[in-house]
Amino acid sequence: MSGPTPGTEDAGPPSGGAATTAPIGAETTSDSRGHGGHHHHGALGTLALGALGVVYGDIGTSPLYALRECFHESSGITPTHENVLGVLSLFVWAMTLVVVVKYIFFVTRVDNQGEGGILALLALVLPKRGPRVGWLVLMGLFGASLLYADGMLTPAISVVSAVEGIEQIEGVGHRLDDWIVPIAIAILVVLFLAQKRGTGGVGMIFGPIMLLWFVVIGALGAVQVVQHPEVLAAISPHHAVTFFARHQLIGFLVLGSVVLCITGGEALYADMGHFGRRPIVLAWFAVAFPGLILNYLGQGALLLAHPEHAHAPFFSMAAGWMRIPLVILATLATVIASQALISGAFSLTRQAIQLGYLPRLEIRHTSSMTEGQVYLPEVNRILMVACIALVIAFQSSSRMAAAYGIAVTGTMGITTVLFYVVVRKWWGTARAVAVCAPMLVVDLAFFGANVVKIASGGWVPIVVALGVLAVMTSWKRGRERVARFLQNRSVPLDEFIPRIERESPFRVKGTAVFMTASANGTPPVLVHHYRHNQVLHEQIMLLSIQVQDVPFVPKDESVSVDDLGHGIYRVTAKYGFMQSPKVTDILRAAEKKHGLSTRPEKTSFYLGREKLVVTKNPGMAQWRKVLFTFLSRNARPASDYFKLPPDRVLEIGMQLEL
């Protein structure tokens, strides 16, 4: 079922579905049957423009604060000629090794039916069997949990860093200092309140605005590079090597700020299903990469001539009158960057619900054209409160930068480990290690440099991720426990059907739909109903919704019907973890393809509702039982989640001891 959830007798991991991947070197695109299919029929240039707006917002706004943080007074690195070239060399090669080599050349070539991201990668690992799979799943879930922390931190740090640009506006900047936090909070509130309208309409302008952003920041940097061409020497990696040799431990710790230039690299992979690999790669090499490199080199060129501007090198590249429109453009760009992370959190939550790691939540589809555009009110409220709390607590983007690096580097490292597990079966252990070990060394270097920031804010994403992980694992374990209880109370069909044949109960007109996760047993709700009422409907449908380890299941393959005799049918509906089930659509397909009668006015839906009682029974920690019970009580009702007609639903309660 779509995530084990109370009221549907659902349980257990999703049914194993065949994941489609392609060996490294083969071009991959989203399966035309699924979510991303219709996107890929558009022009490559149009898709690349859209990718600029959605995929590269986060990494594209990093120049606002990344280089500045490397020369922050707390880093111990002063903007001398050698240091500027050394740090710039680290920036150039960090983007080259992590974004270009790791993500574009390797990781994006591994997909789950066109979908990318850490949960899609985890779904490729799930069908494997062995003692290490449990740890891999736990690791993948922790990486997904870190993305929630990223979704809280990105809007906060991005918007605040843009609004801080008003400090650099001559004549008024010093008078507006006290308004930076209130303005940032106001922007965030408007951003989150606008989520209910969906990203479809606004998304049309995201691409052009980000294109303008990359052109502007590239032009600003190019002007400085032309004036101080000696900065181009930073492209040589020997400056990075000599920087480490000169500063040793302090130089290593600067990597904790250098990593800010590659935040959003994971988005290349996570958003692959929306656009396909080719448009994302085109947008990077044609626009994003050149714009970022030119801007960072430009900031460095400025510091070579004017090291006193190290506190705000980005806005210092613009002349006095240009700073006002630059602040406005930067604010728009950061709002777009925030939107991408918020939308990503919605998508991630839906995947987790479908895979059975989170309770049912309200999911609203905001586009009739695109399956992936969803809005989750509960998640939106949590993110908004968290972002505002972070802005109030940290007050400045520099303080938030310490918290930011842990989430980014942790997720990148986990992606590398899961990537290794998947590709080892193609390449063999030796080749997989040869490719993935250097990636992991780079990831761990960045992570290690950020560990020292835990006390000054790095604890925030760790606490958030551990909290989300506790919710995910407790929900999964609790639903599996409920499933075993229900399985033990179910009656085998080969016993129940002969009983009906012997007793010949009175059959009332109409159809009864009993939702169940079991592929074999009789739903306890049906047994309970028959025992107490001694009547059955003329047509009984045992409906099982199974979530596969693939993003999408084609419509023509999603519904199957087995005639069990005596008017009883087993209807099995298969969905991908990027799809949302709708029972009325399933019944319509069963009627159209298999001739079952599913007239809405003559169909009743029977659901089980468990009353959970926390006991001291072994097998599950007490705190998990309490948390699971709380989550169960607050989960979205099954009738709402599966979009059942409310006046046709009957719920039968059962008490269950945890």
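# Rings, sheet and cores in a predicted model

Modeller: This is a predicted model. Arg-109 lies over the face of Phe-105, and the distance to the ring centre is 5.3 Å.

Colleague: Over which ring does the charged end of Arg-431 sit?

Modeller: A charge counts as over a ring if CZ of Arg is within 6 Å of the ring centre and within 35 degrees of the ring normal. Arg-431 has its charged end 4.7 Å from a ring centre. That ring belongs to Trp-427.

Colleague: How are the rings of Phe-285 and Phe-289 arranged?

Modeller: The structure has 13 aromatic pairs. In the pair Phe-285 and Phe-289, the centres are 6.4 Å apart and the planes stand at 80°. Planes over 60 degrees apart make a pair edge-to-face. So Phe-285 and Phe-289 are edge-to-face.

Colleague: Which helix holds Phe-285 and Phe-289?

Modeller: The two residues are four apart, about one turn of the helix. Phe-285 is partly exposed, at 40% relative accessible area. Phe-289 is buried, at 16%. Both sit in helix H14, residues 277-305.

Colleague: Are the rings of Phe-514 and Tyr-606 stacked or edge-to-face?

Modeller: Their centres lie 4.7 Å apart. Their planes meet at 15°. Planes under 30 degrees apart count as stacked, so the pair Phe-514 and Tyr-606 is stacked.

Colleague: How many residues apart in sequence are the parts tied together by Phe-514 and Tyr-606?

Modeller: Both residues are buried. Phe-514 belongs to strand E4 (residues 506-515), and Tyr-606 to strand E9 (residues 603-613). The pair therefore ties together parts whose separation in sequence is 92 residues.

Colleague: Which strands stand at the edges of the open sheet of six strands?

Modeller: The order is E7-E8-E6-E4-E9-E10, with mixed pairing. Two strands have a single partner each, so one side of each is left without a neighbour in the sheet. Those edge strands are E7 (559-565) and E10 (649-657).

Colleague: Which helix runs at about 65° to E7?

Modeller: Helix H21 (residues 493-503) lies across E4, E6, E7 and E8, at about 145° to E8. Another helix lies across E4, E6, E7, E8 and E9. The one at about 65° to E7 is H24, residues 583-594.

Colleague: How many residues does the largest nonpolar core have?

Modeller: Those with the most contacts inside it include Tyr-56, Val-258 and Trp-284. Ring pairs also link Tyr-56 and Trp-284 with Phe-285 and Phe-289 into a cluster. Beyond four places in sequence, Val-258 has contacts including Cys-70, Leu-90 and Phe-446. The core has 187 residues.

Colleague: Is Thr-334 buried or exposed?

Modeller: Thr-334 is in helix H16, residues 323-354. Beyond four places in sequence, Thr-334 contacts Thr-61, Leu-64, Ser-158, Val-159 and Ala-162. The relative accessibility of Thr-334 is 0%, so the residue counts as buried.

Conventions
Residues numbered from 1 in each chain as written. Predicted model: local features only at pLDDT ≥ 70, side-chain atom pairs only at ≥ 80, totals over all residues. Heavy atoms only, no water. Buried < 20%, exposed > 50% of the residue type's maximum accessible area, 1.4 Å probe, protein only. Contact = heavy atoms within 4.5 Å. Phe/Tyr/Trp six-rings, centres within 6.5 Å; stacked < 30°, edge-to-face > 60°. Pairing = 2+ DSSP bridges. Axes fitted to C-alpha atoms, helices over the stretch in contact; angles between N-to-C directions. Core = buried A, V, L, I, M, F, W, Y, C linked by side-chain atoms within 4.5 Å.
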